[in-house]
Amino acid sequence: MRPSRVFRLIFRIFILLLTLSVTVVSILGGLSAFIILDPYSNNIGVDYTDASFDVDFNNSTGELIAFNFSLPFNITNAGYFDIEDLQVAIKLGIRYEHIDYTVPGQNDTIFIKFFENQQNFGTVTKGNKGLFDFTGDISNVISFPNATQINWYRTPPPDLEFFANFTIGLTYSLGLHSLAFNMHNISIGDYSYP
Amino acid sequence: MGATKNMIRGTIYTSVYVVTTIIIPFLLFNWVRNLQIPLVGEITLTQENYENIIFWILAFGLIISGCAFFSYSSPKQSIRRAVFALIQVIVNCLYLWSYKFSGATEILFNFTISGYTGFLSLNLQTMVLVYMGVYFLTIILKIYDLIDFSINRKKIRENRMKA
């Protein structure tokens with residue numbers, strides 16, 4: 001065999017190994033996505049009933065002075081690679097009855113987006129379960145209605161209904177795949193004036 | 001006899017490329033377009049450019065398959081073979097690139113499961129770019145082949161005659 005062909009053969013084997021590696025990583029990554037996202041497996045565990053709120057208004061002005069939100073969740077990495085750059089973004093909306101919204105003396109039920117936050121939870125190594133707690137406070141509140149604008153005697157209750165848009169983003173297969181999982185308009189709780 | 005053998009080899013490789021570059025991607029996109037998982041819910045591929053993706057897959061797939069025929073039916077170590085192999089790899093790059101520019105690397109599935117609605121998006125752009133890197137190395141190899149076959153043309157012909 002000519003020396004040029006020997007050199008070519010070595011280079012060809014290198015390319016073949018490279019192609020095979022990328023292909024194997026891609027196939028295992030795709031397979032892992034199916035395993036992790038299997039609806040029967042509960043690998044992504046978000047229990048919206050565990051969401052907790054702390055809402056506090058100024059008694060004299062009715063302005064929001066404190067807001068805390070937390071939502072525990074867990075992700076089990078049942079795949080073949082580490083889950084990297086795990087990001088969770090939550091948008092919260094509120095439905096309530098607004099006093100004198102369009103016409104004086106008339107209350108209208110309206111829906112507004114009031115909270116938006118995104119947090120990075122890093123890496124979940126393969127075979128492990130990551131337990132996380134998504135939190136937010138008043139600094140993440142975009143706008144919240146003044147307490148004097150809310151009808152606290154709404155019938156039927158509750159006075160405030162909270163809804164969430166939930167997005168989990170992650171990279172997988174050594175960064176080759178990016179996944180995002182979103183659920184929207186999930187009812188996560190309510191609040192009535194005691 | 002050698003010519004017949006080359007033609008058969010060309011036809012076999014064309015069939016392989018038709019299956020891998022046209023039929024499998026076409027069936028895959030059709031399968032995921034309206035995927036329904038029993039007892040779970042409906043999962044729908046939301047890809048407005050679906051027709052566009054299929055068009056480019058078909059267009060580049062046909063060119064790749066045509067090049068594969070001319071490449072593999074040519075005599076071994078011939079300049080003709082090197083030229084068609086180089087064209088085929090370049091078209092392969094365009095084929096991969098078509099996945100990116102037609103939107104096929106950003107797949108969005110809408111779902112309704114147990115009363116919840118949402119979406120699942122899958123981004124494969126990085127993977128396509130890595131494959132493009134591998135194809136770039138293959139282009140270097142094919143250019144090397146073309147130069148090698150041109151420089152050593154006489155020696156290759158003598159060896160062919162002896163065989």
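Here is a short chat about how some labels on this predicted model come about.

Reader: Let's start with A:L179. Where is A:L179, and why does A:L179 count as buried or exposed?

Author: A:L179 sits in strand β8 of chain A, residues 177-191. The cut-off for buried is 20 or more other C-beta atoms within 10 Å. A:L179 has 20 C-beta neighbours inside 10 Å, so A:L179 counts as buried.

Reader: And what does A:L179 touch, leaving aside neighbours within four places in sequence?

Author: A:L179 is in contact with A:A33, A:L170, A:Y172 and B:L122. As for A:G45, 134 residues away along the chain, its C-alpha atom is separated from that of A:L179 by 16 Å.

Reader: How do you know that β8(A) and β4(B) pair?

Author: Strands pair if DSSP finds at least two bridges between them. β8(A) and β4(B) have seven bridges, in the antiparallel sense. One of the residues involved is A:H184, whose bridge partner in β4(B) is B:T117.

Reader: What else of chain B goes into the side that touches chain A?

Author: β4 (116-123) and α4 of chain B each supply at least two residues of that side. Helix α4(B) gives the largest share, ten residues. Overall, 22 residues of chain B are in contact with 23 residues of chain A. By class, the chain B side has 14 nonpolar, seven polar and one charged residues.

Reader: So what makes α1(A) and α4(B) roughly antiparallel?

Author: Their axes cross at roughly 165° and come within 11 Å. Angles over 145 degrees count as roughly antiparallel, and therefore α1(A) and α4(B) get that label. The helices are residues 3-36 of chain A and residues 125-151 of chain B, and their crossing is left-handed.

Reader: Which residues make that contact?

Author: From α1(A), the contact includes A:F11, A:I15, A:L18 and A:V22. From α4(B), B:V130, B:V134, B:L137 and B:L141 are among them. By class, the contact has eleven nonpolar, four polar and three charged residues.

Reader: Now over to chain B on its own. How many helices and strands does chain B have, and in what pattern?

Author: Chain B comes to five helices and four strands. Along the sequence, the pattern reads α-β-β-α-α-β-β-α-α. Of its 163 residues, 21% count as buried. Among contacts in chain B between residues at least 6 apart in sequence, 72% join residues at least 24 apart.

Note on methods:
Residues are numbered from 1 along each chain as its sequence is written. Chains are lettered from A and ligands numbered from 1 in the order in which they are written. This is a predicted model: local features need pLDDT of at least 70, side-chain atom pairs count only at pLDDT 80 or more; totals for chains, interfaces and linings use all residues. A residue is buried if 20 or more other C-beta atoms lie within 10 Å of its own, exposed if 12 or fewer, and partly exposed in between; C-beta atoms are placed from the backbone. Two residues are in contact if their C-beta atoms, placed from the backbone, lie within 7 Å. Axes are lines fitted to C-alpha atoms, for helices over the stretch in contact, and angles run from 0 to 180 degrees between N-to-C directions. Angles under 35 degrees count as roughly parallel, over 145 as roughly antiparallel, 65 to 115 as roughly perpendicular and the rest as oblique. A crossing is left-handed if the near helix is turned anticlockwise from the far one by less than a right angle, and right-handed if clockwise. Ala, Val, Leu, Ile, Met, Phe, Trp, Tyr, Cys and Pro count as nonpolar, Asp, Glu, Lys and Arg as charged, and the others, Gly among them, as polar.
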